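Work through the exercises below with the model open beside you. Try each task before reading its solution.

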Amino acid sequence: MNENQPDLSNEALAELERALEGGERVDLAEVNDEQSEMLRCFSFVDTYTRPIRQALNCGDEIVPILSDYGELEEIGRGGMGVVYRGLHLKTQRVDAIKLIRPDRLALNSPEGVKQIQDRFQKEFQLAARIAHENIVPVYQVGEIENQTWFSMQYVNGASLRELSRNKSLLTEEIVHHLERIARAVATMHQHGILHGDIKPQNILVERSRQRPLITDFGLADATDGLDVISGVHGTIAYMAPEMATAALNDSQEELATIRTTAADIYSLGVTLWSSLTGLSPCFEKQTPREQLESISRGHLRVQHESRDIPHELMNAILKCVALDPSDRYETATQFADDLTMWIERPRWNRYFPKLRNLLCFVVAPVLVMSGLLAWWLISKSVAEVWIWSTIFGGYFPLFGSFQLSQQKTRIAHSAQRELWSVWLGHCIGSISCAASLRIACAHDATQALLMFYPCWAAISAVVFFAKSGNFWTMYRWIGTFWGGLAVAIALLPTVGPIIFGVSAGLTCAIIAWGDDAFVPNEFDLSQSE
Amino acid sequence: MPLIDTNLEDNIRKLRPVLLTLAEALISGTYRDELEASDLVQQTLVEAHEHAKLLETFGDGQFFAWMRTALRHNVLDAVKQLNSKKQNVHRKVRAADIEDSFIRLDQLLVADETSPSQLLQRNEQIAEMLAAIQQLPDQQRKAIILKHLRGKSLNEVAETLESSESAVAGLLHRGRAQLVASLEDQNRE
């Protein structure tokens, strides 16, 4: 067969083939037409077979040997870099060592190689600029066979993505991690650095201290000095709409102007959503191009699936992912502050573990009954003292349930003081109101009683409004309702006690079930134990 | 007889050469004399027909994922069967490697992870490349698979194919030229 007969051309091809295997750079000026055609075909076929080759031949890649480190073990691989774990011989500390993936350099054009090397260099230069508790620190930079490597802290733990996929984190823990990461990102922004690829995969949580650390500055950019590297990178799912538009248009100029802190803030919001739901932020069954198109139009999965995400967190997420960058948080610190506020929100359940059930099943029925009883007593014109006792008797189950359900710990003290002072204030205000009315209507006890109910409702309206400032926003509407109720009772004074009693019972039930400060969660239990 | 959707038939026709190249690449080393790639793929396709109802509901990506999983099981089953016949430490290692290979392949093809805009169509082009390899003449195909999918050196390919290095260089060059031509044709269409 002719094929098996060696000839000069085949021998030249074989030489070229061997040169490529050896990683020699072939001088294009010295090759003939057939050879240059061969190089073109080689690089074309290699581009599309290389990923498959790597998948099939894992373990075949040569692990570099660094003089400062013991044997290296591969622990991760990204689009650009490969990360190893190794023991630093002098310090006896385990570090993570990052190199450019050799296959990304092989057969790339000289410009391509330079671009990759520049970006890699920028990664450690930017990461080394900031020292922050929640940013993986860079330790050392070195070179091996013209290839730069750098070492950084080895984080023994798992990424936020793995943790959220396994559902091994509670909502409070995720929010706590994201709050700290947002503050780290804010620090980066203050130093003029954009991260550019914030996603759960790039947030590592240290197992021993439960400390989140942000890593992978491979796509980071400095807003000052250093040039913006051309090309749109980053993971589509976490890419801001303006970036997605630029990616679709392949517009370099557009990209240079739109890369702002707002894009990082967008990614923070999507990261929070994705960590809370354990879902990918992209619609499944979409091709990458369709995903980019949805994102650039602001059509996001984030807006459609809120699952069990608490209302305040969902608001914060939606503010991050606003289509117009100027509608997002101005700084990552503001986002972090909102998360802090959510973390620090009052949690009655933590300090009054049984209050929810007591409010619903004891206080609410008692208030309804005392309303009905007061109405009946008034209509029967019994002795005044019994009626007033019935009215103010309603405070006993309320205070009783506070007393019975409260935790006897120091840390619970301030939350308890808040609850006690608001409702003791309500009680004392009502008693003095009753006393004043009784004195004003000296000769008509019934008149004083009927006038008391609208005033009592008005006092309640004030209390609920006061609570809405710091606590559940629904208290505002409950306050409005009680304001309206005061007028209604004044118009229908004879059934005032019934209206009041039933409304009070209903309000108790609504608060017990609606105010998420009463909703028990595992985090609270683990904290209280 | 399960009712076969024409769409499913289309998908199977498109994927058959892709799976065949994958299977050939996988067994090209240790098992090349004992396992037949086309048998493994055929078995996988028969299973796809049996699950026609389920597969009809899958999108293209998920369909490919299902086929890969099915192929993986078939390859591993075949390998395990061979291993139980003859005791060989080398083989045990290879079975674990095949499992790893599929896991890496799946990671590589997951849409969520693909990022830069220039890689948008990557998966599709990889599949096209794998399919086009099946259209090459026998020797060229073997050489390309060994060299580009198994990462063997020219010397090793020549040894496996029992041919000279220069002849293999010629095979590789002609095979690559044809692949480039057929893929460029497809993209022009």
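**Exercise 1: helices α17 and α18 of chain A**

In chain A, helix α17 (residues 395–405) and helix α18 (residues 413–440) pack with their axes 11 Å apart, at an angle of about 165 degrees. This is a predicted model: local features need pLDDT of at least 70, side-chain atom pairs count only at pLDDT 80 or more, and totals for chains, interfaces and linings use all residues. Residues are numbered from 1 along each chain as its sequence is written, chains are lettered from A and ligands numbered from 1 in the order in which they are written, and side-chain values use heavy atoms, with hydrogens and water left out.

Task: classify the packing of α17(A) and α18(A), and list its residues.

Solution. 
- Step 1, elements. Helices (H or I, at least four residues) and strands (E, at least two) are DSSP runs, numbered from the N terminus.
- Step 2, angle. Axes are lines fitted to C-alpha atoms, for helices over the stretch in contact, and angles run from 0 to 180 degrees between N-to-C directions. Angles under 35 degrees count as roughly parallel, over 145 as roughly antiparallel, 65 to 115 as roughly perpendicular and the rest as oblique. At about 165 degrees, α17(A) is therefore roughly antiparallel to α18(A).
- Step 3, hand. The crossing of α17(A) and α18(A) is left-handed (the near helix is turned anticlockwise from the far one by less than a right angle; clockwise would be right-handed).
- Step 4, residues. Contact means heavy atoms within 4.5 Å. From α17(A) come Tyr395(A), Leu398(A), Phe399(A), Phe402(A) and Gln403(A); they meet Leu419(A), Trp420(A), Trp423(A), Leu424(A), His426(A), Cys427(A) and Ser430(A) in α18(A).
- Step 5, classes. Ala, Val, Leu, Ile, Met, Phe, Trp, Tyr, Cys and Pro count as nonpolar, Asp, Glu, Lys and Arg as charged, and the others, Gly among them, as polar. The contact of α17(A) with α18(A) has nine nonpolar, three polar and no charged residues.

**Exercise 2: two further pairs in chain A**

Task: find how α6(A) and α13(A) are oriented to each other, then treat α19(A) and α20(A) likewise.

Solution. 
- Step 1. Helix α6 (residues 171–190) and helix α13 (residues 332–343) of chain A have axes 8 Å apart and an angle of about 155 degrees. The two helices α6(A) and α13(A) are therefore roughly antiparallel.
- Step 2. The crossing of α6(A) and α13(A) is left-handed.
- Step 3. Residues in this contact include Val175(A), Leu178(A) and Ala182(A) of α6(A), and Phe335(A), Leu339(A) and Trp342(A) of α13(A). By class, the contact of α6(A) with α13(A) divides into eleven nonpolar, six polar and four charged residues.
- Step 4. The axes of helix α19 (residues 445–470) and helix α20 (residues 474–491) of chain A come within 7 Å and cross at roughly 170 degrees. That makes α19(A) roughly antiparallel to α20(A).
- Step 5. Among the residues that meet are Phe464(A) and Phe465(A) in α19(A), and Trp482(A) and Leu485(A) in α20(A). The contact of α19(A) with α20(A) has 14 nonpolar, five polar and two charged residues.

**Exercise 3: chain totals**

Task: tabulate elements, burial and surface for chain A and for chain B.

Solution. Buried means under 20% relative accessible area, exposed over 50%, partly exposed in between (1.4 Å probe, protein chains only). Accessible areas come from the Shrake-Rupley method with a 1.4 Å probe; for residues, only the protein chains shown count as cover.

| Item | Chain A | Chain B |
|---|---|---|
| Elements | 22 helices, ten strands | nine helices, zero strands |
| Buried | 51% of 529 residues | 50% of 189 residues |
| Accessible surface | about 25200 Å², 57% on carbon and sulfur atoms | about 9100 Å², 50% on carbon and sulfur atoms |

**Exercise 4: single residues**

Task: is each of His173(B), Glu165(B), Glu162(B) and Gln210(A) buried, partly exposed or exposed?

Solution. 
- Step 1. His173(B) sits in helix α9 (residues 165–188) of chain B. Its relative accessible area is 9%, so His173(B) is buried.
- Step 2. At 21% relative accessibility, Glu165(B) is partly exposed. Leaving aside neighbours within four places in sequence, Glu165(B) is in contact with Ala14(A), Arg18(A), Leu154(B), Asn155(B) and Ala158(B).
- Step 3. Glu162(B) lies in the loop between α8 (154–161) and α9 of chain B. Its relative accessible area is 75%, so Glu162(B) is exposed. Phi of Glu162(B) is positive, near 50 degrees, in a residue other than glycine.
- Step 4. Gln210(A) lies in the loop between β8 (203–206) and β9 (212–214) of chain A. With a relative accessible area of 35%, Gln210(A) is partly exposed. Gln210(A) is not a glycine, yet has a positive phi of about 55 degrees.
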